[in-house]
Amino acid sequence: MIYFDNSATTKIAPGALQTYQAVSEQFYGNPSSLHVVGEKAFHLLEQSRQQIADLLNVQSDEIYFTSGGTEGDNWALKGTAIEKSAFGKHLITTSVEHPAIIKSMQQLEKLGFEVTYLPVDKFGRINPADLKAAIRSDTILVSIMAVNNEIGTCQPLMAAAEILKDYPNIHFHVDAVQGIGKGIQKEIFNDRVDFVTLSGHKFHGPRGTGILYKKRDRHLAPLLTGGGQEHDLRSGTENVPAIAAMAKALRLLLTDEAQKVQKQAAIRERIYQHVSQAEKTVMFSQLTPDFAPHILCFAIKGVRGETTVHAFEEHEIYISTTSACSSKKGMESSTLKAMHVNEKIATSAIRISLDEYNTLAEADEFIKAFDQINHRFKKINS
């Protein structure tokens with residue numbers, strides 16, 4: 001079996017799974033309890049928080065635990081809207097964000113907020129000049145993803161940060177769910193970024209875990225109120241075993257990060273170089289530094305994406321259409337639509353997404369299967 005769908009979810013790392021089991025058995029107390037069993041769980045929770053903060057080069061009181069990327073994105077956007085509505089109701093994002101951002105913005109629009117959706121070029125990147133032109137006196141938030149989940153475009157975060165230095169009262173949020181461990185941590189956690197969303201199951205942690213980095217001096221309204229956990233900003237009993245496992249997974253991810261990134265880029269390049277030569281193939285991802293090393297998106301003209309996905313499945317190779325969140329609904333890629341790609345071609349798009357466990361031998365097996373599948377499609381379409 002070859003698993004090339006890591007942007008949808010990753011397999012939990014063996015070390016993280018071992019941590020989850022050990023903590024579940026030995027640190028089962030509620031970390032808010034006053035007795036010694038609860039105190040042990042609390043201390044482990046805070047150790048995990050400190051470990052994550054050290055790995056990300058931030059302060060421990062800037063790390064908040066969530067249930068994943070969707071919650072983190074919703075909290076950054078809606079928490080800002082609630083907290084800063086008295087100062088303005090204008091928000092800025094891009095037209096190629098994850099549905100957790102787009103649908104949150106649409107919900108806020110229904111509540112009276114105005115949203116500017118920045119356009120993208122043929123490679124899915126915004127123009128920083130468009131960001132600067134969109135800023136108004138009542139702008140309270142800018143949200144830009146680090147890496148596009150469908151085609152792998154890296155957005156110009158540093159250029160955006162330079163612009164926003166002149167607007168210190170605007171919150172700057174980065175959805176980095178696809179960006180962590182891909183060699184761009186300095187761009188993601190640059191000095192001007194106020195909030196960063198991460199999701200544990202995208203880097204070999206357990207499902208249902210996530211991180212929201214919140215800069216110490218930034219204010220954010222809570223979405224979940226109750227017992228006052230997470231400094232009274234995200235109530236609910238913390239999932240200590242899963243959080244400890246996520247911390248372990250993050251440490252493993254960032255160990256030898258440069259070599260892992262290089263390996264993924266080499267696999268992607270081998271597949272790209274072969275597939276891009278095939279007749280009727282359209283490449284959306286590119287081999288430039290503006291694209292992340294682990295995502296490759298392309299289309300075979302005249303063949304719907306889900307048909308191609310199932311064809312590879314027959315070879316025990318598992319890929320996806322574009323976003324896993326919309327693949328079962330047969331929806332057109334929102335990113336490709338924003339790039340003005342013809343709908344017939346966009347609905348043929350498929351995505352390969354790699355991690356550090358994939359190999360060049362798997363790339364060669366993919367290429368072999370691609371040639372067989374492409375030949376079969378040619379015969380059907382001729």
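A total of 16 salt bridges turns up here, and the model they come from is a predicted one. The protein chain splits into domain 1 (2–9 + 257–381) and domain 2 (14–254). The centres of the two domains, taken over C-alpha atoms, are 28 Å apart. Where they touch, domain 1 puts in 31 residues and domain 2 puts in 31 residues. Below is a quick tour, starting with the charged pairs.

**Salt bridges**

- In helix α2, Glu-46 and Arg-49 sit 3 residues apart, about one turn of the helix. Their side chains meet in a salt bridge, at 3.1 Å from N to O.
- Arg-192 and Asp-194 make a salt bridge through their side chains, with an N to O distance of 2.9 Å. Arg-192 has 8% relative accessibility, so it counts as buried. Asp-194 is buried too, with a relative accessible area of 1%.
- Glu-314 pairs up with Arg-376, and the closest N and O atoms of this salt bridge are 3.4 Å apart. Glu-314 belongs to the loop between α11 and β11, and Arg-376 to helix α15 (residues 360–381), so this pair ties together parts that are 62 residues apart in sequence. Glu-314 is exposed, at 57% relative accessibility, and Arg-376 is partly exposed, at 34%.
- Back to Arg-192 and Asp-194: together with Lys-215 and Arg-218 they form one network, joined by salt bridges that share partners.

**Covered strands**

- Strand β6 (residues 171–175) has 5 of its 5 residues buried, so the rest of the structure largely encloses it.
- In a regular strand, side chains alternate between the two faces of the sheet. For β6, one side carries His-171, His-173 and Asp-175, the other carries Phe-172 and Val-174, and all of these are buried.
- What does β6 pair with, and in which sense? Its partner is strand β5 (residues 139–145), in the parallel sense, over 5 bridges. Across from Phe-172 in β6 you'll find Val-142.
- Strand β12 (residues 349–353) is mostly covered as well, with 5 of its 5 residues buried. On one side are Ala-349, Arg-351 and Ser-353, on the other Ile-350 and Ile-352, and both faces are covered.
- β12 pairs with strand β10 (residues 295–300) in the antiparallel sense, again through bridges, 5 of them. Within that pairing, Leu-296 has Ile-352 of β12 as its bridge partner.

- Gln-264 is part of helix α10, and its relative accessibility is 0%, so it counts as buried. What packs around this residue? Setting aside residues up to four places away in sequence, Gln-264 touches Lys-182, Pro-293, His-294, Leu-354, Asp-355 and Glu-356.
- Thr-335 sits in helix α13 (residues 334–338) and is buried as well, with a relative accessible area of 1%. Leaving out neighbours within four places in sequence, Thr-335 is in contact with Val-96, Asn-148, Glu-150 and Ile-151.

- Asp-256 isn't a glycine, yet its phi is positive, at about 55°. You'll find Asp-256 in the loop between α9 (240–254) and α10 (257–275), and at 48% relative accessibility it counts as partly exposed.
- Glu-316 is another non-glycine residue with a positive phi, near 60°. This one lies in the loop between α11 (305–313) and β11 (317–318). Is Glu-316 buried or partly exposed? At 46% relative accessibility, Glu-316 counts as partly exposed.

**A nonpolar patch on the surface**

- Tyr-28, Val-36 and Val-37 make a nonpolar surface patch of about 320 Å².
- One of these, Val-36, belongs to helix α2 (residues 36–56). Its relative accessible area is 56%, which puts Val-36 among the exposed residues.

Note on methods:
Residues numbered from 1 in each chain as written. Predicted model: local features only at pLDDT ≥ 70, side-chain atom pairs only at ≥ 80, totals over all residues. Heavy atoms only, no water. Buried < 20%, exposed > 50% of the residue type's maximum accessible area, 1.4 Å probe, protein only. Helix = DSSP H or I, 4+ residues; strand = E, 2+ residues; numbered from the N terminus. Pairing = 2+ DSSP bridges. Patch = residues over 30% accessible without salt bridge, like charges linked within 9 Å, V, L, I, M, F, W, Y side chains within 5 Å. Areas by Shrake-Rupley, 256 points an atom, 1.4 Å probe, with all protein chains shown as cover. Salt bridge = Lys/Arg side-chain N within 4 Å of Asp/Glu carboxyl O. Domains from an automatic or database assignment. Contact = heavy atoms within 4.5 Å.
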